[in-house]
Amino acid sequence: MSEAFITSVFLAMSGGFQDAYTYFTRDEVFSNAQTGNVVLMSQNFMTGQWGEGLRYLFPILAFAIGVVAAERIQSTFKYAKKLHWRQMILLIEILILFGVGFMPGKLDMLATALVSFSCAMQVQTFRKVGGYSYASTMCIGNLRSGTAALSVYLRDRKPEQLKQALYYFGIILFFALGAGCGGNLSLHLGFQAIWVSSVLLLISFVLMFIEKQG
């Protein structure tokens with residue numbers, strides 16, 4: 001069920017929501033788009049604005065730590081029977097994002113780092129949809145893969161390539177919807193808007209139980 005499209009829909013919406021949330025409510029720092037953070041960090045460091053540069057460095061480091069944490073959880077609980085290790089990671093994500101909603105503005109740097117940590121755990125854990133490699137928290141890889149699959153379909157007319165392209169473009173669509181909702185709700189609800197992302201992840205968590213019972 002972790003590779004089912006419906007599960008990936010809510011993961012992608014949550015991923016888009018998180019990026020918009022930190023940008024609009026946490027001092028215009030990305031939680032998921034680490035390429036953007038690297039660019040802004042480098043620019044600030046090279047102009048001597050060390051404090052500003054650190055705002056972008058910490059989410060990058062938190063992302064790396066999140067990948068390590070997810071990998072360690074997988075290796076430790078890979079054969080757990082009561083709860084799948086992917087569901088464990090979703091629960092950790094949900095709790096982290098719920099806690100972020102209580103953090104005041106003076107803790108923006110920590111809040112963004114925690115969201116980046118959560119994002120990294122998600123992208124490390126859920127890497128396939130329908131058997132195709134993808135990312136639920138960013139778009140560039142999905143856009144490349146989807147466009148390449150569409151190009152092959154237009155040349156060879158193989159239905160499998162069209163299916164693959166639609167998977168990728170569908171994920172991008174729902175990521176964009178999540179980002180749009182995240183941006184608008186963040187402007188209206190403020191710091192607590194991130195709880196919507198927790199709810200989206202909770203839906204994915206429940207969906208994985210349904211498949212187990214089936």
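User: Before we start, what counts as a contact here?
Analyst: Contact means heavy atoms within 4.5 Å. The model is a predicted one.

User: Fine. Take L90, then. What is L90 in contact with, leaving aside its neighbours within four places in sequence?
Analyst: L90 is in contact with L11, F126, L201, S204, F205 and M208.

User: Which residues touch the most other members of the largest nonpolar core?
Analyst: L90, V100 and Y134 do. That core has 35 residues.

User: Which elements give two or more residues to this core?
Analyst: Helix 1 (5-25), helix 3 (50-77), helix 4 (85-100), helix 5 (108-125), helix 7 (159-189) and helix 8 (195-213).

User: And which helix gives the most?
Analyst: Helix 4, with eight residues.

User: I94 next. Where does I94 lie?
Analyst: I94 lies in helix 4.

User: Buried or exposed?
Analyst: I94 has a relative accessible area of 13%. Buried means under 20%, so I94 is buried.

User: How far apart are the C-alpha atoms of I94 and I194?
Analyst: They are separated by 9.9 Å. Along the chain, I94 and I194 are 100 residues apart.

User: Zooming out. How many helices and strands are in the protein chain?
Analyst: Eight helices and two strands. Starting at the N terminus, the order of elements is α-α-α-α-α-β-β-α-α-α.

User: Why call the protein chain as compact as a globular protein of that length?
Analyst: Because its radius of gyration is 18 Å, close to the 17 Å that the globule rule gives for 214 residues.

User: What does the C-alpha trace span along its principal axes?
Analyst: About 55 × 45 × 35 Å for the protein chain.

User: Of the contacts with a separation of 6 or more, how many are between residues 24 or more positions apart?
Analyst: In the protein chain, residues 24 or more positions apart account for 73% of those contacts.

User: What share of the residues is buried?
Analyst: Buried residues make up 46% of the 214 in the protein chain.

User: And the surface, what does the accessible area come to?
Analyst: The accessible surface of the protein chain is about 10,600 Å². Carbon and sulfur atoms hold 69% of that surface.

User: Last one, charges. How many positive and negative charges are there in the protein chain?
Analyst: There are 16 positive and 11 negative charges.

How values were computed
Residues are numbered from 1 along each chain as its sequence is written. This is a predicted model: local features need pLDDT of at least 70, side-chain atom pairs count only at pLDDT 80 or more; totals for chains, interfaces and linings use all residues. Side-chain values use heavy atoms; hydrogens and water are left out. Helices (H or I, at least four residues) and strands (E, at least two) are DSSP runs, numbered from the N terminus. The radius of gyration is taken over C-alpha atoms; the globule rule is 2.2 Å times the number of residues to the power 0.38. Buried means under 20% relative accessible area, exposed over 50%, partly exposed in between (1.4 Å probe, protein chains only). Accessible areas come from the Shrake-Rupley method with a 1.4 Å probe; for residues, only the protein chains shown count as cover. Lys and Arg count as positive and Asp and Glu as negative; His and the chain ends are not counted. The place of a charge is taken as NZ of Lys, CZ of Arg, CG of Asp or CD of Glu. A nonpolar core is a set of buried Ala, Val, Leu, Ile, Met, Phe, Trp, Tyr and Cys residues joined through side-chain atoms within 4.5 Å.
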